[in-house]
Amino acid sequence: MSSPASFPMLSDAERLQRLAAPPAIGRLPIVIDTDPYNEIDDQFAITHAMLSPDRFDIKAIYAAPFANERSGFEAACGMEKSYLTAQAVLQRL
């Protein structure tokens with residue numbers, strides 16, 4: 001049986017394995033793809049990751065585009081505002 005859009009079929013065991021929490025030992029390499037100007041939860045995510053060097057090996061922090069009334073409905077403007085906000089969070093840390 002084929003799944004929609006050619007996604008692979010996963011057994012219940014495979015699905016549960018992929019949803020399992022990562023091991024509690026060691027540092028996890030992560031990339032943070034964020035729009036911290038758009039919503040405050042991203043500022044908390046950056047802060048948590050930066051203050052947890054024993055758990056996270058941050059490889060990069062990317063400013064994600066967003067378009068809504070806060071960005072003037074332009075994704076590039078939203079990305080720039082997110083970049084500047086991420087920089088401000090990092091400077092405060």
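Predicted model: local features only at pLDDT ≥ 70, side-chain atom pairs only at ≥ 80, totals over all residues.

Visitor: How do strand 1 and strand 2 run, and how many bridges join them?

Guide: Strand 1 (residues 28-34) and strand 2 (residues 56-63) run parallel, joined by 7 bridges.

Visitor: What's the handedness of the crossover between them?

Guide: It's a right-handed β-α-β crossover: the chain leaves strand 1, passes through helix 2 (residues 41-50) and goes on to strand 2.

Visitor: And what stands opposite Thr34?

Guide: That's Ala63, in strand 2.

Visitor: OK, helices. At what angle do the axes of helix 2 and helix 3 cross?

Guide: Roughly 40 degrees, with the axes coming within 10 Å; helix 3 covers residues 75-92. That angle makes helix 2 oblique to helix 3.

Visitor: Is that crossing left-handed or right-handed?

Guide: The crossing of helix 2 and helix 3 is right-handed.

Visitor: Which residues meet there?

Guide: Helix 2 brings Gln43, Ile46, Thr47 and Met50, and they meet Thr85, Ala86, Val89 and Leu90 of helix 3.

Visitor: How do the residues of that contact divide into nonpolar, polar and charged?

Guide: There are 5 nonpolar and 3 polar residues in the contact of helix 2 with helix 3, and no charged ones.

Definitions and conventions:
Residues numbered from 1 in each chain as written. Heavy atoms only, no water. Pairing = 2+ DSSP bridges. Helix = DSSP H or I, 4+ residues; strand = E, 2+ residues; numbered from the N terminus. Right-handed = clockwise from strand over helix to strand, strands pointing away. Axes fitted to C-alpha atoms, helices over the stretch in contact; angles between N-to-C directions. Parallel < 35°, antiparallel > 145°, perpendicular 65-115°, else oblique. Left-handed = near helix turned anticlockwise from the far one by under 90°. Contact = heavy atoms within 4.5 Å. Nonpolar A, V, L, I, M, F, W, Y, C, P; charged D, E, K, R; others polar.
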